[in-house]
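Please look through the sequence and the structure shown here before reading on. The paragraphs that follow lead from chain to chain and from contact to contact.

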Amino acid sequence: MATKKKRTPNAHTSSRVVIAADSAIDTQKHDSDPAFVRLRNPATDATSLYMLSGGDLQLFEVKAFEEDFHSWFIGQTVQRDGRLLFVTPMDPLYLILPYLIKSGKEGKFQPVDQVVMDDEFPACSRLLSCTRSLASLHHITEEKEVGTQRFHRYSQERTMNWLKKKVERTVSVLKARNISVGERVKSTTYITMKSESDYRDEDYLRYAHGLVSEYLSQHLSKDLLTHLQLPELKSPKETEPPSKKRKLTDKPVEAEEDYTKFNSAEFARKPPKKMTAAQKSLAKGDKTGMKTMSSFFSPKVKAEKK
Amino acid sequence: MSRNTSVTRVDVSSVAQAQRVPVHLMPCEIEHEGPAHVSEYLTATTKDCKLEKTVSFRGRGLKGQELSCPQGYTGLVLKDINEPSSDQEDRLLRVSSVFDKLTYWNLETPPNSDDAVVMAMDWPELAQAIHGPVED
Amino acid sequence: MDLSPFETDNSLSCRLTSEIPDVCRTEDCCLGIDEAGRGPVLGPMVYGICFCPVSKKQELKESKVADSKTLTEAERENLFQKLDEARSYVGWALQILSPNTISTSMLQRTKYNLNALSHDTAIGLVQYALDSGVQLKEVFVDTVGPAEKYEEKLSKLFPGIDVTVRPKADSLFPVVSAASICAKVARDRIVKGWAFTEDLGEVDTDYGSGYPNDPKTKAWLLKYLDPVFGYPQFVRFSWSTARTLMDSKGVTVHWEDDDEDGEKSAQRQNNKSMLAYFSAGGNEQKPAQQTHRFFSERRLKSLAAL
């Protein structure tokens with residue numbers, strides 16, 4: 001067999017494969033082009049990529065679907081970079097919020113355009129041009145009007161109510177889409193420990209809180225948890241009884257010789273060697289998921305907290 | 001000033017001229033950018049079975065299926081009009097092709113609803129829930 | 001010999017059979033097994049069995065069947081004609097392993113080597129004869145590998161049948177020669193009439209013998225090397241000749257299971273993704289912020305740059 005070559009770094013990519021909301025590429029409405037911009041990620045404080053539509057009227061989030069060892073064929077070309085970008089509409093308030101919280105500590109009412117400023121991310125002031133921004137600021141601030149000028153002050157109470165609505169909406173979509181919010185145990189080789197119908201409302205609420213928290217500082221995320229009356233969970237290591245851990249080994253049993261497979265056109269088929277979904281999620285070591293698991297195993301966690 | 005000031009615009013008017021092309025997400029890394037005889041080799045030898053498509057690439061058996069873009073979404077391929085020479089420079093992208101469905105391929109494994117790319121298509125609807133305007 | 005069942009889809013494995021002579025269901029029979037096209041880098045490998053009543057051995061010998069390799073193509077066609085004329089007491093069956101089957105089996109995640117493939121195919125054919133009611137008493141097998149182990153394996157699998165595995169059995173036992181003629185005639189016809197599924201226009205059919213050391217075969221492999229796709233399915237990708245050419249003149253392709261077995265690779269994949277996703281969002285400095293598992297399960301992450 002020929003020797004395998006080492007992977008070389010992918011320095012150059014000429015194109016991007018994107019799945020974008022139609023509103024992002026609407027040619028009718030705007031006379032200027034949409035643009036990718038870098039803004040401060042409200043959860044991590046780091047740089048993240050977003051998109052503003054023409055005239056900055058709408059904000060979009062950019063997420064990349066990326067699996068190792070993937071490439072694209074696009075028409076009659078090959079593209080090494082196998083990522084798939086999603087451009088989805090985003091609520092600009094999530095990005096405006098950290099600036100208002102920061103200035104809110106001074107306790108003064110201020111014009112927002114003096115608050116939403118960032119030397120490191122100059123594009124952030126463009127967020128105020130989004131149609132939804134000024135129209136929805138009352139969800140997170142108290143407002144005062146003096147003459148023609150409007151002044152805002154961050155309101156934790158309003159913000160919590162607004163975020164709670166976000167979480168509730170997310171819960172209803174999670175339920176409607178049948179998204180597995182517990183540990184993923186969909187597998188024929190496993191005894192399903194918890195079927196979709198068994199998820200408690202708390203599982204959904206926690207999951208939705210986790211999703212919304214992707215756009216919040218850790219501090220705000222904790223506040224929201226309290227507001228939702230969800231107790232904090234201990235780390236899974238402390239709460240999960242080791243005896244109840246599921247088995248990891250599930251090697252498919254293959255007959256060494258199976259001549260039946262030669263009898264048909266299906267000859268080339270062999271049972272695929274694939275990890276089960278449960279194995280995958282266990283191997284992933286995803287702690288967020290394990291919290292739910294542990295709460296399932298030891299419902300006493302809640303009582304202990306109180 | 002930081003690199004966060006550079007702008008990457010997308011020339012949306014180019015959508016009108018963009019060609020609808022078949023796109024395939026392959027389960028391997030192909031160290032190449034450029035032309036490939038996709039229709040002559042891949043498309044010509046792909047077989048449609050009831051639940052899956054099969055083909056082989058470089059002697060390896062692949063199984064795949066078509067996935068549609070979520071409702072209200074369009075697939076785009078964006079290309080730099082000029083090669084950006086540095087990170088600081090403003091860039092202009094054009095839409096070189098569009099698609100409304102893609103074919104993804106697994107290495108030997110039949111496609112199923114647990115495949116990450118299938119699950120990723122949940123995202124736009126969840127994003128709508130997280131980001132849609134809230135009633136007063 | 002009607003090859004159309006194979007030719008309707010030459011990417012798959014296929015079995016072709018003669019009618020079972022009535023006398024073979026009532027009288028003790030002998031059966032020979034041989035293969036054609038094990039070495040070539042092009043085209044299918046064909047496994048053949050031929051069988052007749054033990055009482056007809058002499059008649060078979062008198063028909064002057066001999067090892068197919070010592071015969072010209074015309075002589076083989078001629079002898080196959082004779083076997084066909086003897087259909088009242090001679091039966092045969094062929095298993096055609098398409099080059100695509102060979103490539104995908106040998107390169108499978110859980111490797112399926114040519115020896116195992118050969119043995120399984122031979123066993124499948126003997127089983128077919130038994131299932132069809134042929135009264136098997138003696139089986140003669142030509143082999144390239146160690147004969148004793150193989151003989152023991154077959155004897156165990158088919159108790160009550162006298163199994164003889166011999167190198168060069170095709171020149172020792174007329175019934176093996178007959179099997180070898182059937183297999184070789186089929187392979188020659190298939191290679192000659194190969195219809196390329198690929199859209200390659202007019203293809204030069206001057207392949208030579210198909211053996212890697214044949215200059216004509218080498219020239220053909222050079223001419224028909226596609227930098228991205230490598231070769232049409234007519235070529236065995238698992239042959240080092242083809243692999244070396246693709247490595248040196250084609251584009252490098254990496255698979256997740258390169259240089260390791262499937263289990264290991266799945267593990268590595270998961271470990272890798274765990275690291276990748278905990279530090280997603282271009283935010284290596286702040287590992288505290290974990291991406292929610294909704295995103296990590298979907299391999300979605302934020303981007304810092306386009």
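Two strands are said to pair if DSSP finds at least two bridges between them, and the elements themselves are DSSP runs numbered from the N terminus, with helices (H or I) of at least four residues and strands (E) of at least two. With these terms in hand, one can see that S4(B) is joined by two bridges to strand S7 (residues 253-254) of chain C, and that the two run antiparallel. Within this pairing, Glu29(B) stands opposite His254(C) in S7(C).

This is a predicted model, in which local features need pLDDT of at least 70 and side-chain atom pairs count only at pLDDT 80 or more, while totals for chains, interfaces and linings use all residues. Residues are numbered from 1 along each chain as its sequence is written, chains are lettered from A and ligands numbered from 1 in the order in which they are written, and side-chain values use heavy atoms, with hydrogens and water left out.

The contact between chain B and chain C, where contact means heavy atoms within 4.5 Å, takes 34 residues from chain B and 37 residues from chain C. The buried area, which is the accessible area (1.4 Å probe) that two parts lose on being put together, summed over both, is about 3,300 Å² here, and carbon and sulfur atoms give 62% of it. On the chain B side, Tyr41(B), Arg58(B) and Arg60(B) lose the most area to chain C, together 25% of what that side buries. Three salt bridges are counted between chain B and chain C, a salt bridge being a side-chain nitrogen of Lys or Arg within 4 Å of a carboxyl oxygen of Asp or Glu. Asp9(C) forms a salt bridge with Lys47(B), and the closest N and O atoms of this pair are 3.3 Å apart.

Chain B also meets chain A, and this contact takes 80 residues from chain B and 77 residues from chain A. Between them these chains bury about 6,800 Å², with 56% of it on carbon and sulfur atoms. The rule finds five salt bridges across this interface, and the side chains of Arg80(A) and Glu29(B) meet in a salt bridge at 2.5 Å, N to O. Helix H3 (residues 123-131) of chain B gives the largest share of the side of chain B that touches chain A, namely nine residues. Strands take part as well: strand S2 (residues 35-40) of chain A and strand S1 (residues 8-11) of chain B run antiparallel and are joined by two bridges, with Arg9(B) in S1(B) as the bridge partner of Ala35(A).

Inside chain A, six bridges join strand S8 (residues 141-146) to strand S9 (residues 149-154), and these strands run antiparallel. Glu143(A) has His152(A) in S9(A) as its bridge partner. S8(A) and S9(A) form a hairpin with two residues between them, and Gly147(A) in the turn has a positive phi of about 65 degrees.

How confident is the predictor in chain A, and what is its mean pLDDT? The pLDDT is the predictor's confidence in each residue, from 0 to 100; its mean for chain A is 77, and 68% of the residues of chain A reach 70 or more. Among the elements of chain A, strand S7 (residues 84-89) has the highest mean pLDDT (98) and helix H10 (residues 300-305) the lowest (40). Over residues 237-276 of chain A the pLDDT is below 50, and this stretch has 73 contacts in the model beyond near neighbours in sequence.
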